[in-house]
Amino acid sequence: MQAEQITLEPRTFLGVHEVIPMSRLTEYFDRAFRTSAAELGRMGAHPSGPPIALYHGAPTDAAVDVTAGFPVIDDVSATRAVEVVHLPSGPAVETFHVGPYETMTETYAAVTDWIAAQKLTVAGDMWEEYLVGPDSEPDPANWRTRIVFPLA
């Protein structure tokens, strides 16, 4: 695992927000990405990057507070089905997980240890960007996820 400090530019994304049990995360992602794409299409907008999952607080086995959808550069509006989220700009830490989603806990442990060793303070929500996943690559060993922690 390699982590580095970066500077984020502000971004906007449109997604579905829910608090769900961890056991329902895969079903939620399927629905959230499908709904977000449909709403973007209805608005005449297009994704400007890979799917994003924004985690509000630390996930637990009991509950995950998450918003999942797509980044946009078009003007979009919230609807009953989706909300508009503004990702922060400024300092952050990023790392990349390569491999199946089931092994991401190892990457998270390594990056949070690295953040602590650097004496950095995480600020607010963090997110994952699914750069290569099951929709484009059948072999989970080749999946690639960007993990971003904004800093205080």
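**View 1. The largest nonpolar core of the predicted model.** This core is a set of buried Ala, Val, Leu, Ile, Met, Phe, Trp, Tyr and Cys residues joined through side-chain atoms within 4.5 Å, where buried means under 20% relative accessible area, exposed over 50% and partly exposed in between (1.4 Å probe, protein chains only). It has 30 residues, of which L25, Y28, F29, Y55 and V66 touch the most other members. At least two residues each come from strand 2 (11-20), helix 1 (25-43), strand 3 (52-55), strand 4 (64-72), helix 2 (104-117), strand 7 (126-132) and strand 8 (144-150); helices (H or I, at least four residues) and strands (E, at least two) are DSSP runs numbered from the N terminus. Helix 1 gives the largest share, six residues. Apart from this core lies another, of 10 residues, including I6, F13, I52 and L54. The model is predicted: local features need pLDDT of at least 70 and side-chain atom pairs count only at pLDDT 80 or more, while totals for chains, interfaces and linings use all residues. Residues are numbered from 1 along each chain as its sequence is written, and side-chain values use heavy atoms, with hydrogens and water left out.

View 2. L14 lies in strand 2 and is buried, at a relative accessible area of 0%. Its contacts (heavy atoms within 4.5 Å), not counting residues up to four places away in sequence, include S36, L40, F70, V76 and V84. E83 is 69 residues from L14 in sequence, with 5.7 Å between their C-alpha atoms.

**View 3. The two sides of helix 2.** M104, T107, Y108, V111 and I115 are buried. Seen down the axis, the buried residues fall within an arc of 100° and so line one face of helix 2; the arc is that of the directions from the helix axis to the C-beta atoms. What covers them includes strand 1 (3-8), strand 6 (90-98), strand 7 and strand 8. On the other side, T105, E106, D113, A116 and A117 are exposed. Just after helix 2, K119 takes a positive phi of about 60°.

**View 4. Salt bridges.** A salt bridge is a side-chain nitrogen of Lys or Arg within 4 Å of a carboxyl oxygen of Asp or Glu; the count comes to seven. E94 pairs with R146, the closest N and O atoms being 2.6 Å apart. E94 lies in strand 6 and R146 in strand 8, so the pair ties together parts 52 residues apart in sequence. E94 is buried at 10% relative accessibility, and R146 is buried at 14%. Salt bridges that share partners join R11, E94, E129 and R146 into one network.
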